[in-house]
Amino acid sequence: MDRIRIVGGNKLSGSIPISGAKNAALPLMIASMLTDETLTLENVPHLADVEQLIRILGNHGVDYSVNGRRENQLGPYARTINFTAKNIVNTTAPYELVSKMRASFWVIGPLLARMGEARVSLPGGCAIGTRPVDLFIDGLQQLGAGIDVESGYVLARTKDRLIGNRYVFPKVSVGATHVLMMAASLARGETVLENAAREPEIADLATCLNAMGARIEGAGTRTITIDGVDRLHGAVHSVIPDRIETGTYAMAVAMAGGDVVLEGARAEFLEAALDVIRQTGAEVQPLNSGIRITRNGAGIAPVDVVTEPFPGFPTDLQAQFMGLMTMAKGRSKITETIFENRFMHVQELARLGAHISLSGQTAIVDGVKKLKGAPVMATDLRASVSLVIAGLAAEGETTVNRVYHLDRGFERLEEKLSGCGAVIERISG
Ligand code: UD1
């Protein structure tokens with residue numbers, strides 16, 4: 001199994017190209033099932049999760065082809081991929097596939113809307129809490145679907161087409177908003193989604209669906225209105241830059257010190273996080289071409305953070321921020337409100353010398369003067385990268401095991417960081 005070896009202590013300087021957003025690419029790929037024409041997605045990041053979803057979509061009959069350079073010549077940090085769901089050959093998404101990636105449950109929306117039926121495995125347990133699917137079921141029922149849960153599968157059916165309706169989400173959910181938006185695009189009549197998720201990835205999916213012929217207004221706000229159409233067609237769409245990758249590297253610079261331009265990053269996608277990074281003492285300068293992050297000399301100021309749905313501070317940056325706070329000059333409190341049990345990085349950060357105590361959903365971090373490198377491992381994507389951030393500032397050598405978590409969501413992480421002067425390498429085997 002691959003590991004990442006880091007020797008901490010170097011400042012970061014230079015530039016890092018920001019990849020297309022994983023969390024935008026996944027729903028966009030799933031949306032290709034809504035039409036029998038080709039959906040071309042540009043700026044798709046090369047990640048294990050994307051490859052896994054390609055396999056899952058293939059099971060339903062979606063063909064794909066990658067434009068441009070061949071795999072082993074991949075120079076650019078992006079690919080253009082064509083997805084064609086000419087015929088849906090299978091409306092079942094089996095446990096073996098869905099259990100590997102929770103987002104693959106989202107195929108339930110397009111399958112139901114286009115084929116009138118879907119049989120999708122429950123995603124099952126997950127390392128970061130129970131993550132139920134009640135909102136998906138509830139919302140699809142409001143659009144007229146009949147739903148049964150049997151032997152670990154959600155069976156969804158509709159006699160004719162789905163029927164537009166008003167649905168108020170009892171809780172904000174990114175995935176359920178994506179799915180209801182996709183399903184309602186092909187429903188008969190108008191759907192109004194209230195208390196919808198407002199993440200930039202929701203607006204990106206709506207832009208793509210509209211390019212495919214959907215009539216969606218208000219995506220990115222609390223209320224989304226979808227006027228259903230009979231059919232959708234092909235389109236070309238470019239995936240937005242990854243705000244979580246952006247925030248992660250910004251925090252790496254705030255931690256290790258230095259001066260880095262995050263190329264292609266868009267500040268409006270992560271204002272809350274950038275504001276917090278500023279409060280820690282780093283300089284954040286939005287440019288036309290990206291965002292420049294600088295931290296020289298001065299130490300790291302402690303800042304309290306509470307995770308919230310967009311536009312609040314994202315849960316997907318909570319672990320990385322905790323990594324940064326381990327070396328702050330004082331005490332900070334980090335409260336997780338989105339997922340239970342999303343503190344697995346705490347004990348691993350402690351192996352590097354961090355002082356963190358947990359009180360319910362709040363972590364209390366007492367900054368230390370220095371961290372010391374150690375072997376560590378993590379059980380999820382964002383937790384793993386928090387260990388990389390801490391390792392960049394720790395004295396000596398840190399090895400991060402179970403790198404496959406990082407490969408799910410960070411494209412060429414070691415290449416991007418070593419390009420800025422970090423001592424970081426992948427050790428195979
Ligand atoms: C997405 C992101 C993930 C991010 C999360 C929150 C993708 C591929 N993943 O995940 O990286 O951490 O948003 O920003 O985009 N919930 C229910 N019932 C449901 C659905 C969700 O109770 O039917 C709960 C969840 O358990 C969680 C909260 O709602 O506590 C938010 O989850 P949700 O926004 O749905 O997260 P995902 O879409 O799975």
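1. Ground rules first: residues count from 1 along each chain as its sequence is written, and side-chain values use heavy atoms, without hydrogens or water. As the model is predicted, local features need pLDDT of at least 70 and side-chain atom pairs 80 or more, while totals for chains, interfaces and linings use all residues.

2. The sheet is open and mixed, with four strands in the order β22-β23-β1-β24. Strands are DSSP E runs of at least two residues, helices H or I runs of at least four, both numbered from the N terminus; two strands pair if DSSP finds at least two bridges between them.

3. β22 and β23 (residues 397–401) run parallel, joined by three bridges. Here V376 stands opposite V400 of β23.

4. Helix α12 (residues 381–393) packs on this sheet and touches β1 (3–7), β22, β23 and β24 (contact: heavy atoms within 4.5 Å). Its direction makes about 170 degrees with that of β23 (axes are fitted to C-alpha atoms, for helices over the stretch in contact; angles run from 0 to 180 degrees between N-to-C directions).

5. On to the rings: there are three aromatic pairs (Phe, Tyr or six-membered Trp ring centres within 6.5 Å; planes under 30 degrees apart are stacked, over 60 edge-to-face, the rest tilted). Y167 and F169 have ring centres 5.1 Å apart and planes at 80 degrees, so they are edge-to-face. Both are buried (under 20% relative accessible area; exposed is over 50%, partly exposed in between; 1.4 Å probe, protein chains only).

6. F313 and F321 also make an edge-to-face pair, 5.7 Å centre to centre with 65 degrees between the planes. F313 and F321 are buried too.
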